[in-house]
Amino acid sequence: MSVIRSKILGVGSYLPERVMTNDDLSKMVDTSDEWIVERTGIKIRHIASEYEMTSDLAVKAAQDALGKNHILIGDLDAVIVATTTPDRTFPATATKVQTQLGMTRGFAFDLQAVCSGFLYAMTMADSLIRSGQVKTALVIGSETLSRLVDWKDRNTCVLFGDGAGAVVLSAAQGDGTVEDTGILNTKIFSDGSFGDLLYTTGGPSYSQTVGTIFMNGREVFRQAVGKLATAAEQVLSEVGVKSDDLSWFIPHQANLRIIDSTAKKLGLPLSKVVVTVHHHANTSAASIPLALAEKVNSGEIKKGDLLLFDAMGGGFTWGAMLARF
Ligand code: UT7
């Protein structure tokens with residue numbers, strides 16, 4: 001049966017120049033390199049300069065994806081920016097990215113699903129492509145979380161970083177089987193009853209401020225592993241794919257222990273698990289495309305590889321996606 005698939009045409013990434021080490025943090029709050037590495041796996045994070053906004057990071061990641069793969073701006077029909085740290089409350093960061101890229105047609109919008117934002121945005125882009133509304137879509141996860149961090153709170157300030165990753169998706173013909181190239185299945189979920197475990201203390205309507213991040217880390221951790229595993233299992237079983245068939249598992253990069261526990265639950269060997277959290281920390285919606293871009297750039301992810309993506313974040317939101325590269 002002939003079907004439309006959303007094929008990955010290119011990936012790109014950008015990390016700001018400034019690096020903050022665990023030792024730097026230990027001069028700001030009561031923490032240590034040893035504690036941060038043992039509990040999270042994080043060694044460094046990148047921090048945007050005062051002149052860099054989420055849109056600047058997004059444009060650089062997009063230009064990387066477009067330039068490396070000779071994709072023309074004129075071919076793009078839509079831009080979706082997944083972010084929790086927009087430049088301004090409005091207009092959407094995506095519209096700024098659209099114009100900075102020189103794109104004069106189509107449409108652009110932001111999507112806010114915190115750390116699951118990239119998988120939500122890929123799901124939206126895939127739906128737009130499969131319904132025939134757009135042919136080519138640019139999906140970006142971009143964050144300047146350093147602007148939302150309470151730098152006096154050791155429970156959270158050691159965990160986050162800034163960065164952006166981008167993916168270009170385009171319509172391609174498939175046979176409707178899991179041998180097709182492109183997105184094969186996605187599942188997204190949310191449950192607002194968990195909203196008080198991970199949130200910002202402010203917001204435009206709530207306090208007319210942006211606020212800072214609050215997290216009940218232990219409880220988020222406990223919930224994360226279960227939800228990540230369930231979403232992944234569902235996305236695989238719906239299309240009859242076994243975890244043994246996967247080439248790579250590319251989870252949200254929040255904490256090495258969450259990644260390891262989820263991989264174990266799914267029966268995946270660590271050799272198939274993409275881990276980049278050690279050198280960019282939790283970049284929320286940017287973390288999955290950053291991890292993907294790193295392994296594509298290194299040549300480790302190859303054409304034809306079967307990729308499982310998995311994310312969970314504030315809301316709670318969570319989801320998984322299966323794609324053949
Ligand atoms: O992306 C969205 C999803 N978010 C996440 O995935 C994050 C989920 N949670 C986590 O990653 C972990 O829960 C943390 C890394 C945040 C914390 O690790 P934990 O093993 O759950 O530690 P804990 O919260 O149980 O705290 C253990 C101890 C506490 O001290 P007491 O009460 O036992 O004396 C904390 O006060 O570690 C203390 N602590 C720290 N010590 C040194 C908390 N933060 C720090 C720190 N440095 N930065």
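This briefing walks through some charged, aromatic and backbone features of the structure above.

The model is predicted, so to speak, by calculation: local features need pLDDT of at least 70, side-chain atom pairs count only at pLDDT 80 or more, and totals for chains, interfaces and linings use all residues. Helices (H or I, at least four residues) and strands (E, at least two) are DSSP runs, numbered from the N terminus. A residue is called buried under 20% relative accessible area, exposed over 50%, and partly exposed in between (1.4 Å probe, protein chains only).

**A negative patch**

- D23, D33, E34 and E38 make up a negative surface patch.
- For a patch, residues need over 30% relative accessible area and no salt bridge; like charges are joined within 9 Å, and nonpolar side chains (Val, Leu, Ile, Met, Phe, Trp, Tyr) within 5 Å.
- Asp and Glu count as negative, Lys and Arg as positive, while His and the chain ends are not counted.
- The accessible areas themselves come from the Shrake-Rupley method with a 1.4 Å probe, and for residues only the protein chains shown count as cover.
- Helix α2 (residues 33-40) gives the patch its largest share, with three residues.
- D23 sits in helix α1 (residues 22-26), and it counts as partly exposed because its relative accessibility is 45%.
- N22 also lies in helix α1, but N22 is buried, with a relative accessible area of 0%.
- The C-alpha atoms of N22 and D33 are 4.9 Å apart, although 11 residues separate the two along the chain.

**Salt bridges**

- Side chains of opposite charge can pair when their charged atoms come close.
- A salt bridge here is a side-chain nitrogen of Lys or Arg within 4 Å of a carboxyl oxygen of Asp or Glu.
- How many salt bridges does a search of the whole structure find? The search turns up 11.
- One of them links E52 and K60, with the closest N and O atoms 3.9 Å apart.
- Is E52 buried or exposed? E52 is buried, as its relative accessible area is 10%, while K60 is partly exposed at 38%.
- K68 and D64 form a salt bridge too, and their closest N and O atoms are 3.1 Å apart.
- K68 and D64 are four residues apart in helix α3 (residues 54-68), so about one helical turn separates them.
- K68 counts as partly exposed at 39% relative accessibility, and D64 is partly exposed as well, with a relative accessible area of 23%.
- K96 and D87 also meet through their side chains in a salt bridge, at 2.9 Å from N to O.
- K96 is partly exposed, with a relative accessible area of 28%.

**Aromatic pairs**

- Rings of Phe, Tyr and Trp (its six-membered ring) pair if their centres lie within 6.5 Å; planes under 30 degrees apart count as stacked, over 60 as edge-to-face and the rest as tilted.
- By this rule, there are four aromatic pairs.
- Among them is the stacked pair of F107 and F109, with 6.3 Å centre to centre and 10° between the planes.
- F107 is partly exposed, with a relative accessible area of 33%, and F109 is partly exposed at 29%.

- Most residues other than glycine have a negative phi, and most peptide bonds are trans.
- The peptide bond from F90 to P91 is cis, with omega near 0°, and P91 lies in the loop between β4 (78-82) and α4 (93-100).
- Another cis peptide bond joins G315 and F316, where omega is about -10°.
- Where does F316 lie? Look in the loop between β12 (306-313) and β13 (317-324).
- V114 has a positive phi, near 50°, and is not a glycine.
- You'll find V114 in the loop between β5 (107-111) and α5 (117-130), and its relative accessibility of 21% means it counts as partly exposed.
- S284, also not a glycine, has a positive phi near 50°.
- S284 lies in the loop between α9 (277-280) and α10 (287-297) and is buried, with a relative accessible area of 3%.

- R88 is in the loop between β4 and α4.
- With a relative accessible area of 59%, R88 is exposed.
- R88 and L169 are 81 residues apart along the chain, and 27 Å separates their C-alpha atoms.

Terms used:
Residues are numbered from 1 along each chain as its sequence is written. Side-chain values use heavy atoms; hydrogens and water are left out. The place of a charge is taken as NZ of Lys, CZ of Arg, CG of Asp or CD of Glu.
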